[in-house]
Amino acid sequence: MFRTRCSGRTGAVATPGEPAGPAARRPLLFVGAVAVLGFLGVFFAWPVLAILHRGLRPETVRVLVDPGTWRIVAFTLGQAAASTALALAAGMPLAYLLARVRIPGKVLLRAVITVPFVLPTLVVGMAFRALLGTTEPSVTAIVLANAFFNVAVVARTFGGLWAQLDRRAEDAARSLGAGPLRTFGTVTLPALRPALWSATAVVFLFCSTSFGVVLVLGAGRYRTLETEIYLRTVRMLDLSGAAALSLLQFAAVLAALAVAALARRRRESVGVVRAVERSARKPRGAEWLIVAAGGVVLAALLVPIGALLVRSVSSRSGWSLAGYRALSGTGDGVLGVSGWQAALNSLRTATDATWMALSLGVLACLVLVSLRKRWTAELMDTALMLPLGVSAVTVGFGYLITLQLLPGDLRTSPLLVPFAQALVVTPLVVRTVLPVLRSVDDRLREVAATLGAGPWRVRREVDLPLTGRALCTAAGFGFVIALGEFGATGFLARPEEPTLPVAISELISRPGELNTQMAYASCALLMLVTAGAVLVIESLRTDSVGEF
């Protein structure tokens, strides 16, 4: 059997037993790139560009000069900045625990930290409503909920890089007389700066596009660009105004993504010089204060979760399971299907979205690691990340005004919701799998090819075992995120097939004790499924180089 040479020279002569070269891979690479970019083009770029085009109309000026628009912009940026600062302050001690402290049960610790991030934003909003015991709109509650939601991003972004830094530099500074704060400020923090910029950009992005949290806790009085787009589209039918606001949001998202991409490149340039296990040790002296601070933050993360669980079994007359029993019905006639049917709809759409995102994400990763030109790979990588930043509400809105032009009118297809959810999940798959795939030593592939393995067998025998845990992690996180996705699903789910988050939204928008109890029971159900999935994922994962 003859193979083309794996020497990096195009058109090299094939010799027996040698790996397939670039010329042999080029057709597969082209097909993979076309499939990935084609899906993004039809189901992301087209709807978003249609929104932008609709926004570039004379009515746009009316919206842009309206003082009310800029009050919404100011509130969006202000609450996002406050939430980001709070999430950074709370996440740093947890990052230290994950990276530098040798403690038993780190899998459970990592799961507890991660659960808030993968909870549906609607559930987080309901948890803080249960904790505060009021339905009045509150800026403080919005900031606390957004910070709660994003602490895991800070902890995992910092913790991942922190665990890989050489601890000997800090020990050397301490031995020369530097105190803990000076050592942190002059040695550790400069090395963590890429993670600082990356976490700040990503958290600010998530907070500025937060939807469910602001919808529940803002109660219409406090509105961000995201909720304003939703309200103008669904309740006011002001599509031009919503499109104009989408333009503003898109500009902010691009700026945040540019900062995140720059930080990611700098992060990749930081040398990995110590294994994770070797950087962790028992705390000494003042380090116990950081451990104590981490413990306080950890307990604070559990309070809203506990409040939601307690509220789900409470009523005005005392303890009650009426909310759970009501899941077999439609509330006070609010829903078109039972609560259990809505839960089944959620499981079905999340399953479809997960296999779609895995297929698309893995294919994208294979294309990215095969691209030889760095700028081409970075351009495609950035394009894949765009759905992470662009509002799901904007994407869902775009579907409504574009997809009727396709044959069969996809707006009525049951696959439309999974398509939108897969767009949200795919960037996470790429960020989880791509760093692991890039870390695989090329010499292993070359050895396998030298022994006669073809390109597909090399992938199966070398890449798949080494990236298997990362794939399982991506699938698990993707499933739970799709399970709670609400931004696009709220637009696209048909009344006769609502998902559980859509059902919760309907229930809390109507008065009635039974509706409220059923909404809290649904939230608790979603949260328990999510927490269980995260615990399984964390037990499978290793301290890999993946970003999630």
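Reader: Before we start, what should I know about the model and the numbering?

Author: This is a predicted model, in which local features need pLDDT of at least 70 and side-chain atom pairs count only at pLDDT 80 or more, while totals for chains, interfaces and linings use all residues. Residues are numbered from 1 along each chain as its sequence is written, and side-chain values use heavy atoms, with hydrogens and water left out.

Reader: Okay, which residues are buried in helix H7?

Author: In H7, which spans residues 167-175, the buried residues are Arg-167, Glu-170 and Ala-173. Buried means under 20% relative accessible area, exposed over 50%, and partly exposed in between, with a 1.4 Å probe and protein chains only; helices are DSSP runs of H or I with at least four residues, numbered from the N terminus.

Reader: And why do they line one face of the helix?

Author: Seen down the axis of H7, the buried residues fall within an arc of 120 degrees, so they line one face; the arc is that of the directions from the helix axis to the C-beta atoms. On the other side of H7, Arg-168 and Ser-175 are exposed.

Reader: What follows H7?

Author: Gly-177 follows H7, and its phi is positive, near 105 degrees.

Reader: Switching topic, how much space lies in the largest cavity?

Author: The largest cavity holds about 570 Å³ of space. A cavity is a set of points, on a 1 Å grid over the protein atoms alone, where a 1.4 Å probe fits but cannot get out, and a pocket is an open set with protein on both sides within 12 Å along at least five of seven lines; lining residues have an atom within 4 Å of a point.

Reader: Which residues are closest to the centre of that largest cavity?

Author: Of the 26 residues lining the largest cavity, Thr-121, Phe-149, Phe-206, Val-424 and Ile-481 are the closest to its centre. Helix H16 gives the largest share of this lining, 3 residues.

Reader: What about the second largest pocket, which residues lie nearest its centre?

Author: Among the 30 residues that line the second largest pocket, Tyr-230, Arg-235, Ser-505, Glu-506 and Ser-509 lie nearest its centre. The pocket has about 650 Å³ of space, and H22 gives the most to its lining, with 5 residues.

Reader: Last one: where is Thr-76, and what does it touch?

Author: Thr-76 is in helix H3, residues 67-100, and is buried, with a relative accessible area of 3%. Not counting residues up to four places away in sequence, Thr-76 touches Ser-208, Arg-223, Thr-224 and Leu-225, where contact means heavy atoms within 4.5 Å.

How values were computed: Helix = DSSP H or I, 4+ residues; strand = E, 2+ residues; numbered from the N terminus. Points joined across faces, edges and corners; volume = space filled by probe spheres on them.
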